[in-house]
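Me: Here is a model that I would like to go through with you, one label at a time. Please set each value against its definition.

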Amino acid sequence: MHAAVVHSFDAPPRYGTIDTPQPRGPHEVLVDIVAAGLHPRVRSAADGTHYTCDGTLPMVPGIDGVGRTPEGELLYFVAPDGVPGTMAEYAVVDRRRAVPLPADSDPYAVAAAMNPGMSSWVALRRRVPLPPGASVLVLGATGNAGRLAVRIAKHLGAAHVVAAGRDPERLAVLGDTGGADVTVRLTGGEDDDAGLADAAADVDVVVDYLWGRPTEQALRAVLTARADRARPLAWIQIGSVAGPDITLPSAYLRAANVQLVGSGQGSVGVSDILAELPELAEQFTAGTLSADPLQVPLAEVEKAWTAPVPPEQRIVLTPGG
Ligand SMILES: NC(=O)c1ccc[n+]([C@@H]2O[C@H](COP(=O)([O-])OP(=O)(O)OC[C@H]3O[C@@H](n4cnc5c(N)ncnc54)[C@H](OP(=O)(O)O)[C@@H]3O)[C@@H](O)[C@H]2O)c1
């Protein structure tokens, strides 16, 4: 079958051929791939930097996708372990890791949105269930996951959502129609402290996609501005687009009732992640949540890998062209 194949962690995958995988037991089925999302997680596996990467090459990237079974059923699925990834004509699906989709759902939107969507959905359901009426700060709200996190926090019961991010135009959209009650522009300068202190001093939960310097700055600004330092604050680490590390002064952990937790593969069990997928998929099918997929034929994977992508869009590779 045709597939995207990574031969070196230093180069984009190339369109090539590999043996078609075969189902290994009663739970597995071979599906025609309709669309597979090119998420940051997929890129980091393909360049060998993801924390789950074991260095094996060649490999077929792709961690999830939408496929059609031989009977015509449409499934969203998370790829099982030990089989080629989803950027291929066919993929093995473990039905226990799959969610049936209504026949009229948009497979491209679902393939684009489930990974960024599940980052906050799983965090706010499985790591730090949202207190009703909570106030939430989304740090790094201008990416695909952050934008969805604003909506998802509201959907899961937040009364007030502060969206903080770099891009002024996308922040404005988040404030106008994206569900954010307040937006804070992050420039990396000292004004950020004042903006975060004003808007987010008393939040209950932070959904953090940034880490690195912006998180160091945000922690300082939010913790020092809190009216009641004993008020619980859950800081959920989800992404690290601004840097892999922070310096964390020990005093922060003594001076405020803050808990730092992460959410992702490992800190949340596979079965817990899978249990959340049907309800999340339903939100995309029902239109409560939406995504903007950019369809690219699988044959063009090598070019697509490095092509600039409008930030509000997510590439989905489509073997069908
Ligand atoms: N743990 C999980 O379960 C999970 C699941 C899915 C994704 N993730 C992670 O979540 C992160 C975001 O994923 P995504 O799908 O939203 O990616 P994305 O669509 O590429 O968005 C990333 C955004 O980060 C912003 N950004 C980059 N550097 C920044 C900086 N220094 N300061 C402020 N903003 C910065 C950019 O916005 P601007 O253009 O405004 O700068 C960009 O739009 C990634 O690290 C991904 O791996 C985690």
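Predicted model: local features only at pLDDT ≥ 70, side-chain atom pairs only at ≥ 80, totals over all residues.

Reply: Residues are numbered from 1 along each chain as its sequence is written, and side-chain values use heavy atoms, with hydrogens and water left out.

Me: Why are H2 and H8 called oblique to each other?

Reply: Helix H2 (residues 107-127) and helix H8 (residues 270-286) pack at an angle of about 125°, with their axes 9 Å apart. Angles under 35 degrees count as roughly parallel, over 145 as roughly antiparallel, 65 to 115 as roughly perpendicular and the rest as oblique. The pair H2 and H8 is therefore oblique. The crossing of H2 with H8 is right-handed.

Me: Which residues make that contact of H2 and H8?

Reply: With contact meaning heavy atoms within 4.5 Å, H2 contributes residues including Met114, Gly117, Trp121 and Arg125, and H8 contributes residues including Ile273, Leu277, Leu280 and Phe284. By class, the contact of H2 with H8 has 12 nonpolar, 2 polar and 5 charged residues. Here Ala, Val, Leu, Ile, Met, Phe, Trp, Tyr, Cys and Pro count as nonpolar, Asp, Glu, Lys and Arg as charged, and the others, Gly among them, as polar.

Me: How do you know whether Ser120 is buried or exposed?

Reply: Buried means under 20% relative accessible area, exposed over 50%, and partly exposed in between (1.4 Å probe, protein chains only). Ser120 has a relative accessible area of 0%, so Ser120 is buried. Ser120 lies in helix H2 and touches Leu148, Ala149, Ile152, Val207, Tyr209 and Ile238, not counting residues up to four places away in sequence.

Me: What puts the buried residues of H5 on the same side?

Reply: The buried residues of helix H5 (residues 191-200) are Asp192, Asp193, Leu196 and Ala200. They cover an arc of only 100° around the axis, so they are on the same side of H5; the arc is that of the directions from the helix axis to the C-beta atoms. The face of H5 turned away from its buried side carries the exposed residues Asp191 and Asp198. The buried residues of H5 pack against strand S8 (135-139), strand S9 (160-165), strand S10 (182-185) and H6.

Me: What makes H5 oblique to H6?

Reply: The axes of H5 and H6 come within 8 Å and cross at roughly 45°. That angle makes H5 oblique to H6. The contact of H5 with H6 has 7 nonpolar, 1 polar and 3 charged residues.

Me: Why is His7 called partly exposed?

Reply: His7 has a relative accessible area of 43%, and is therefore partly exposed. His7 touches Arg14, Leu57 and Pro58, not counting residues up to four places away in sequence. His7 and Leu57 are 50 residues apart in sequence and 6.0 Å apart in space, C-alpha to C-alpha. The peptide bond from Leu57 to Pro58 is cis, with omega near -5°.

How values were computed
Axes fitted to C-alpha atoms, helices over the stretch in contact; angles between N-to-C directions. Helix = DSSP H or I, 4+ residues; strand = E, 2+ residues; numbered from the N terminus. Left-handed = near helix turned anticlockwise from the far one by under 90°.
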